[in-house]
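I'm opening a new page for this one. Let me put the model on screen and note what I look up as I go.

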Amino acid sequence: CQDVHQFGQKLVRRRQLKTTEGSERPEARHLNTLDLVVLGVASTLGAGVYILVGEVAMFTAGPAIIISFLVAALSSVLSGLCDAEFGTRVSWTGSAHLYSYISVGELWAFITGWNLILTYVIAVASVARAWSHTFDSLIGNHISQALEGTFSPYMPYFLAKYPDFVALAVLLLLTGLLVLGAPESTLIYKVFTGINVLVLSFIIISGFIKGDLHNWKLMEQDYALNTSESSGTSRLGPLGSGGFAPFGFDGILQGAALCFYMFIGFDAIVTKGEEALNPQWSIPVSTMITIIICFLACFGVSAALTLMVPYYQIHPDSPLPQAFLHVGWGPARYVVAVGTLCALTSSLLGDMFPMPRVTYVMAEDGLLFRGLAQIHAHTGTPVMAIISSGTLAAVTALLFEFSDLVDLLSIGTLLAYSLVALSVLALRYQPDQNFSKKEKTEEEIEMKPKVEENRSEPVSEAGNSNILKSLWFPTSAIPTQKSGQIVYACAFLLVLLTILSLILAQWPSRVFSGDPVLTTVAVLLLLLITGVTVIIWRQSPDPSPFPFRSNSLHLPNSSPKHPCC
């Protein structure tokens, strides 16, 4: 039992951060709010707004894709608030891996770190694949036609139709540059982002000039010629049922899940907390500005695209250039292609730099092989972390389709953001968890088990009664070790209940039709989630004033004994 107890302590031990005196480095802080916004927009506005928007509009949501973007943007705002709160409270260059390590322990940090690495790998691979498609379309699709004719008969069904050697070459080239110590340049981000915003503005204005509002009110008679190619019934099968939302409410929600991909990348702002001039102000402000800019761009581009072209005639692989051909503005497709390449290049750079950084940090913490934390003596770069992550991303881009990578990336990113939200929730109710760097700018990270060893003592009935009573009536107005453990356990229960709810959601028709077993399970899950949430709400939060707090995660405690901070 003692061995099991020690093993459990290792799984939940957390990083303890100890201030090192006399180690200020003011020259390391050089990024203002504008720089962070540029970095966030460069990492976010990429393949999604230029390529994925066509596929979602054609097959999933139709013109109602603009509502899907609104739903996805609201989810991204909540995730951004959680990231911003962590970035202001823990102002080190880090990521969700570091935040999970500080707040919920080593096991979740291990899961979050691996999830982050795979997410970055898939993100880099998807953007490289999109870059290859865009470059190929500029030269007449000769590369894809030659490769598909040669390799397509030999490719398994679960892989791409052909291996993308252009994407492989691009990623191997960037990996080599990173190994040689290529610096991350804010000027390059600003140039590419400026070109990107100008091209997107051109697309939006052109769409409203050449668009036809009738394309948002298409009915069955408007595309009767396509009926024979679909289901042959009164509905149009894969083309939907017409109108502004041809695929219904389900299509809007499915589109929102895919549109969430368009907002992936704003978390790059939080990783620059140690380089920000005023992280307590610039991180939350730049995060919100980035999400708003990306939403307006995606909303405008999707509206312009569906106004210019009937949604069922959108080209899924090259939607915007083909849309300008459709309205008779053929030369404008080259402007769109230039903007696409600039956006994809900046997005690729924005994902390539933090990818080996996460690998290096995990290896340094002992959660990966120590050899991955090796630093080259001359270039000062983590060579093994760069080579391993870059090679994995290159092989992934070589073999998998863009649409499959998007689905995997959305799932991985949603998991990472959910873990960050749970980490923020757990951190608020922990004692002595003030990680502000208002006065100090550099810390020495020291690990030790957070959970103190408890002597094995018999638990009396009165002790059990006190524990149950403390769930609803906390004994202290400030966080204690017991209240922190209660919140930690409740957060873990919320994860399990959410997983069970997702499994139950696979049979929605049976749940809502009154199936006695599934309906009972759904009601029990709802009651348990409500009860666990109320228990967390009753605990005493940290009363310390913090520069930023995401109110979406904190409800005021109604008890006068435990005031809200």
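**Entry 1: helix α6**

I call a residue buried if its relative accessible area is under 20%, exposed if over 50%, and partly exposed in between, using a 1.4 Å probe and protein chains only. I take helices (H or I, at least four residues) and strands (E, at least two) as DSSP runs, numbered from the N terminus. With that settled, I looked at α6: 24 of its 33 residues are buried, so this helix is largely enclosed by the rest of the structure.

Before going on, I noted that this is a predicted model, where local features need pLDDT of at least 70 and side-chain atom pairs count only at pLDDT 80 or more, while totals for chains, interfaces and linings use all residues. Residues are numbered from 1 along each chain as its sequence is written, and side-chain values use heavy atoms, with hydrogens and water left out.

Next I checked the length of α6. The expected span of a helix is 1.5 Å times one less than its number of residues. For the 33 residues of α6 that gives 48 Å, and the end C-alpha atoms are 48 Å apart, which agrees. After α6 comes Gly140, with a positive phi near 90°.

**Entry 2: the whole chain**

I stepped back for the totals. The chain has 20 helices and two strands. Of its 565 residues, 51% are buried. I count a contact when heavy atoms are within 4.5 Å. Among the contacts in the chain with a separation of 6 or more, 81% are between residues 24 or more positions apart.

**Entry 3: salt bridges**

How many salt bridges are there? My rule is a side-chain nitrogen of Lys or Arg within 4 Å of a carboxyl oxygen of Asp or Glu. The count comes to two.

One joins Asp35 to Lys190, with the closest N and O atoms 3.0 Å apart. This pair links distant parts of the chain: Asp35 sits in helix α2 (residues 33-44) and Lys190 in helix α9 (residues 186-210), 155 residues apart. Asp35 is buried at 10% relative accessible area, whereas Lys190 is partly exposed at 36%.

I also found Arg129 with Asp164, at 3.6 Å from N to O. Arg129 is in helix α6 (residues 106-138) and Asp164 is in the loop between α7 (142-151) and α8 (165-179), so the bridge ties together parts 35 residues apart in sequence. Arg129 and Asp164 are both buried.

Arg129 turned up again over a ring. I say a charge sits over a ring if NZ of Lys or CZ of Arg is within 6 Å of the ring centre and within 35 degrees of the ring normal. Arg129 lies over the face of Tyr162, 5.5 Å from the ring centre.

**Entry 4: aromatic pairs**

Rings of Phe, Tyr and Trp (its six-membered ring) pair if their centres lie within 6.5 Å; planes under 30 degrees apart are stacked, over 60 edge-to-face, and the rest tilted. I get 10 aromatic pairs that way.

Phe69 and Phe263 have ring centres 6.5 Å apart and planes at 75°, so I wrote them down as edge-to-face. Phe69 is in helix α4 (residues 65-89) and Phe263 is in the loop between α10 (248-259) and α11 (279-308), so they tie together parts 194 residues apart in sequence. Both Phe69 and Phe263 are buried.

Tyr157 and Phe158 are also edge-to-face, 5.4 Å centre to centre with 90° between the planes. Here Tyr157 is exposed at 79% relative accessibility, and Phe158 is partly exposed at 49%. I also saw Phe202, Phe324 and Trp329 linked by ring pairs into a cluster.

I went back to α11, which has 30 residues and reaches 42 Å from first C-alpha to last, close to the 44 Å expected. It is mostly covered, with 22 of the 30 residues buried.

Then I looked for disulfides, meaning pairs of cysteine sulfur atoms within 2.5 Å. I found zero. Cys294 is buried at 0% relative accessible area, and Cys298 is buried at 1%.
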